[in-house]
Every structure is written in structure tokens, then in C-alpha cells.
Amino acid sequence: MDRREFLKKAALGAAALAATGLLGHTAVAAAKEKSNTKKENVMKKIMIIDGGPRRNMNTASMLQKFAEGAQSAGGDVEVKTVRLYDLDYKGCISCLACKLKGKASNVCKFKDALTPVLEDIAGADGLALGSPNYFGEVTGQMRAFLERLAFPWLSYNDYSITAPKRMPVVLVETQNGTKERNNCNGYGTMEHCIRQALGEPEKLFAYNTYQVKNYDRYELAGFDEEAKRKYREEHWEEDLQAAFDAGRRMAEMAKGR
Ligand SMILES: Cc1cc2nc3c(=O)[nH]c(=O)nc-3n(C[C@H](O)[C@H](O)[C@H](O)COP(=O)(O)O)c2cc1C
């Protein structure tokens, strides 16, 4: 077969393929392969969940520094902060939709403002949670969020705890108590679920926080404001720096995943 004949046959072959739709499929397959290669450079995502009610106080400041640290690593890392107190959602309502036969899911199926957050976390490359210590635990909002996050992870068949994806986790908690004297149970029993499902969490505690900006205005005589101010002057920058460093480390880990 000479060259002209070959080219003619090749063109006819392509036309036949196009007519059967096969060429389309080949093109789709090639595009898919290309997009799969592209996936390797896909943005990594770090989710920060702020479970405190106050926008600019201790917990929010620690998480803000964490976010800055994560952003400082540069590269393709998206850092997203969600403020739970801005969302209208419930804790687990025991619908058991996540345990339905044939439809079991390790992401909560109940639809409300938390749904996109839980879906984001399922595909994330790192997670940071932050809460003030409320009565030795986390806030009610954080607890309700954790119920929705962790109940779908738990299998009632074999009691295994499995998240859609393992990822580095940082747990932040701020509190009035000092390092030596505190009632902090951290994230309580939820910490076990987090450890099993996502991996060993790194914990960051900020102690002896300044609860209000002006102690003179409130009935807070049980606190020695001067001692608190002194502690803050000596430790707060360190606490913020620890949060920044943890954010940076997480982003570096995310980039390497
Ligand atoms: C409802 C409530 C309960 C608290 N319970 C505790 C507690 O049990 N132990 C503690 O050390 N601090 C407790 N605190 C103090 C806060 O944990 C602390 O001031 C924290 O840093 C506040 O965080 P924020 O500035 O982000 O709101 C409580 C504060 C509130 C409002």
C-alpha cells in the first residue's frame, strides 16, 4: 500500500469510528486520562472548624494563626475556615440513614447547613478543630458537630471506626485554667473516634487565657487580673506561634500527600 492509499484508508477508518461513536469514546478516554494525570496537581484542602462563639477572641485567634501558618507554606493548598456558630444545624438526630442496609455511608446523610462542611472534610487533606473549654469539655456546638462527623464513621456491625480518608488532625482548646490546674478533658471520648478514624491528633492548648478585654467591667473577682495579664504577656505570643507552626506543618504534610 502506498502512502496516499494508507492515508485514505486511515481517514475512512476514522470516519467509520466517528459514525459508530467509537472515536468519541476514544477521545473521552484520552481526556479522562489527561484529567487523571491533572488530579495529581489538584489543590489540597485544609479544613479549620471554629467551635467557639467569639469571633476575635482566644480560640478564633489561635485558629487564625493556624490558617496563616498553613497559607504561609504556599503551593496548592486551600485553607477553609468554618465558624460553627454561623451555621444552623443539629447534632445527630439518630435517623440511622448512615447505617441503612446497602446504603451505609461514613458521611452523615442528614441535610442541613453542616452537610457541605462534612462533605468537604471527607475529601480534605488536613483538619483543625478549635473550641474553648466549656465546663471541662468543648462547646455544645462543637460537640453537636462531632456527633455528625463521627457517628457515620462507627460501624455497628464490627465497631470499627473508619473515615472516608485519613488525614492529619490538630485539636485546639483554650481555657481559663492554668497548665498546672485545669479541668480540661479535651475533646473527651470524641478524641478516641478521631484517633481511630483520622490518625493521632496533635493537641494545642492555650492556658490561662484572658477572658475579657476589661476585667473592671465584670464580676470576675475570682481571677487575679494582674497575674493573668502577666501570664498573657509571657505566653500568648508563644501560643499563637505554636498554632502558626502547626498550620505550616499540616500544609507541608498536605502538599506531600
Ligand atoms: C460557658 C463557659 C464555660 C467555661 N468553662 C470553663 C471551664 O470549665 N474551664 C476553664 O478553664 N475555662 C472555662 N471557661 C473559660 C473559657 O474556656 C476561656 O475563657 C476560653 O479561652 C474562651 O475562649 P474564647 O475567647 O475563644 O471565647 C468557660 C467559659 C464559658 C463562657
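The shell of residues around the ligand is made up of five nonpolar, 13 polar and one charged residue, where Ala, Val, Leu, Ile, Met, Phe, Trp, Tyr, Cys and Pro count as nonpolar, Asp, Glu, Lys and Arg as charged, and the others, Gly among them, as polar. The model is predicted, and local features need pLDDT of at least 70, side-chain atom pairs count only at pLDDT 80 or more, and totals for chains, interfaces and linings use all residues. Residues are numbered from 1 along each chain as its sequence is written.

In total, 19 residues surround the ligand, and the closest are M57, T59, P132, Q175 and G177; a residue is near the ligand if its C-beta atom, placed from the backbone, lies within 6 Å of it. Helix α3 (residues 58–72) gives the largest share of this shell, three residues. Helices (H or I, at least four residues) and strands (E, at least two) are DSSP runs, numbered from the N terminus.

Let us now follow α3 itself. Eleven of the 15 residues are buried, so α3 is mostly covered, a residue being buried if 20 or more other C-beta atoms lie within 10 Å of its own, exposed if 12 or fewer, and partly exposed in between, with C-beta atoms placed from the backbone. Among the buried residues are T59, Q64 and F66. They pack against β1 (44–50), β2 (77–83), β3 (126–132), β4, β5 (202–206) and α7, contact meaning C-beta atoms, placed from the backbone, within 7 Å. Q64 counts as buried because 20 other C-beta atoms lie within 10 Å. Although Q64 and F244 are 180 residues apart in sequence, their C-alpha atoms are 8.3 Å apart in space.

F66 also belongs to the residues with the most contacts inside the largest nonpolar core, which has 45 residues; such a core is a set of buried Ala, Val, Leu, Ile, Met, Phe, Trp, Tyr and Cys residues joined through C-beta atoms within 7 Å. Helix α7 (residues 225–255) supplies the largest share of this core, six residues. Leaving aside neighbours within four places in sequence, F66 is in contact with I48, A128, V170, A243, F244, A246 and G247.

Note on methods:
Contact = placed C-beta atoms within 7 Å.
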